[in-house]
Amino acid sequence: MNIGSLFKNLTNFQFPYSIGSTPYYSTPLWDLYEGTRKRDSYPVTIFKGKIVPNGSGMGSEVNELILHAAHMSKVIRVPGVCPVLDVFDETGSDDIFVITEVVQPLQPQLNSHNINSQGIMLGLSDLFRLFEIIDPLFIMGNLSTSNIYVDKNGSWVMFGLECCFDKAKNKFDPYKFKDYVRVWNQFCNDGTARGGEELEPTMIDNILLGQLITQLFTLAQVNVPTNWKSLITSITQGKLSMKGFISKMKQTSNWQQDEMMSIYEELKELNLSLIHISEPTRHSLI
């Protein structure tokens with residue numbers, strides 16, 4: 001046995017998860033595998049980065065996105081981000097793994113038209129709660145149906161922080177951020193006319209959220225509620241802040257009069273209280 005094979009076997013032996021032989025879902029940047037934690041057979045989802053060989057087209061740029069996403073998965077640990085259990089992202093490694101609670105991609109469910117208007121509203125409730133937490137602190141830069149997943153409780157969660165940056169002036173690099181967004185759009189574009197790298201960083205998430213909501217209803221072949229249309233247009237045109245948009249959406253009759261929505265939000269608030277989630281700060285997100 002040569003040294004390379006020995007090292008590979010030792011690495012595999014030390015990997016604390018069993019991984020399925022084939023991915024059950026793939027994106028341009030990630031393969032998703034079913035897995036279990038070896039010590040207790042706990043079921044997990046394993047995101048394996050699609051590291052591109054050096055010298056292949058956009059390889060180095062794409063690999064940098066994957067590494068950045070893995071790093072940010074360790075930084076941002078709040079409800080609404082896909083719950084991460086482990087990250088293996090050593091620089092120079094041939095494989096990048098992000099281990100999470102079991103999740104399923106949302107997009108196939110939208111494409112099969114298995115989600116109705118109320119289901120989209122409940123999912124948006126999950127996303128709005130996440131955006132209320134992280135919008136003051138971070139820029140996402142690549143909001144899309146392709147990075148929304150559904151956890152074992154049916155909640156919508158985000159995975160894919162390839163373009164995510166801290167908003168703090170001493171940490172935010174506008175040139176690198178726009179470059180990441182450009183690469184993501186070129187490599188992962190889902191057909192939506194995004195143009196994110198041309199947008200002002202302070203506006204990009206607001207505009208992409210409006211596009212995201214329109215895309216959700218379009219893919220599910222469900223009509224957008226009439227009294228939402230002007231609000232979606234306003235945020236897509238950059239005329240509403242994230243906070244203002246979410247507040248106005250929750251005041252619409254569709255939201256207010258849906259009994260399931262009221263029950264769902266009460267249960268979510270109860271769950272947050274039980275696990276003692278405090279007012280978020282940058283320190284508590286790291």
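Ser-41 sits in the loop between strand S3 (30-37) and strand S4 (42-49), and that loop is one stop on a quick tour of this predicted model. Overall, the chain carries ten helices and eleven strands, with 48% of its 286 residues buried.

**Loop residues with positive phi**

- Ser-41 has a phi near 60°, which is a positive value in a residue other than glycine.
- Ser-41 counts as exposed because its relative accessibility is 54%, and the cut-off for that label is over 50%.
- His-113 also shows up here: its phi is near 60°, again positive in a residue that isn't glycine.
- You'll find His-113 in the loop between helix H3 (107-111) and H4.
- At 40% relative accessibility, His-113 lands in the partly exposed class.

**The chain as a whole**

- Take the contacts between residues at least 6 apart in sequence: 63% of them join residues at least 24 apart.
- The chain exposes about 14,500 Å², and carbon and sulfur atoms supply 53% of that area.

**Helix pair H6 and H7**

- Two packed helices are described by the angle between their axes and the distance between the axes.
- For helix H6 (residues 201-220) against helix H7 (residues 226-236), the angle is about 140° and the axes are 7 Å apart.
- That angle is why H6 is called oblique to H7; roughly antiparallel would need an angle over 145 degrees.
- On the H6 side, the contact is made by Asn-206, Ile-207, Leu-209, Gly-210, Gln-211, Ile-213, Thr-214 and Phe-217.
- H7 brings Trp-228, Ile-232, Ile-235 and Thr-236 to the contact.
- By type, the residues in this H6 and H7 contact split into seven nonpolar, five polar and no charged.
- Thr-214, one of the H6 contact residues, is partly exposed with a relative accessible area of 35%.
- Thr-214 and Lys-229 are 15 residues apart in sequence, and their C-alpha atoms are 9.0 Å apart in space.

**Helix pair H2 and H5**

- Helix H2 (residues 59-75) packs with helix H5 (residues 174-188) at an angle of about 110°, and their axes are 10 Å apart.
- So H2 runs roughly perpendicular to H5, a label that covers 65 to 115 degrees.
- H2 puts in Glu-61, Val-62, Glu-64, Leu-65 and His-68.
- From H5 come Lys-176, Asp-179, Tyr-180, Arg-182, Val-183, Trp-184 and Phe-187.
- The breakdown for this H2 and H5 contact is six nonpolar, one polar and five charged.

**Leu-124, a buried spot in H4**

- Leu-124 belongs to helix H4 (residues 117-134).
- With 0% relative accessibility, Leu-124 counts as buried.
- Leaving out residues up to four places away in sequence, Leu-124 touches Trp-156, Ile-213, Leu-216, Trp-228 and Trp-255.
- Two of those partners, Ile-213 and Trp-228, also take part in the contact of H6 with H7.
- Leu-124 and Ile-246 are 122 residues apart in sequence, yet their C-alpha atoms are 9.7 Å apart in space.

- Pro-79 is in the loop between H2 and strand S5 (84-88).
- Its relative accessible area is 27%, so Pro-79 counts as partly exposed.
- Pro-79 and Ile-133 are 54 residues apart along the chain, with 8.9 Å between their C-alpha atoms.

**Cysteines**

- Searching the whole structure for disulfides turns up zero.
- For Cys-188, the closest cysteine sulfur is in Cys-163, and the two sulfurs are 8.0 Å apart, so they are too far for a bond.
- The cut-off for a disulfide is a pair of cysteine sulfur atoms within 2.5 Å.
- Cys-188 counts as buried because its relative accessibility is 9%, and buried means under 20%.
- Cys-82 is buried too, with a relative accessible area of 2%.

Notes:
Residues numbered from 1 in each chain as written. Predicted model: local features only at pLDDT ≥ 70, side-chain atom pairs only at ≥ 80, totals over all residues. Heavy atoms only, no water. Axes fitted to C-alpha atoms, helices over the stretch in contact; angles between N-to-C directions. Helix = DSSP H or I, 4+ residues; strand = E, 2+ residues; numbered from the N terminus. Parallel < 35°, antiparallel > 145°, perpendicular 65-115°, else oblique. Contact = heavy atoms within 4.5 Å. Nonpolar A, V, L, I, M, F, W, Y, C, P; charged D, E, K, R; others polar. Buried < 20%, exposed > 50% of the residue type's maximum accessible area, 1.4 Å probe, protein only. Areas by Shrake-Rupley, 256 points an atom, 1.4 Å probe, with all protein chains shown as cover.
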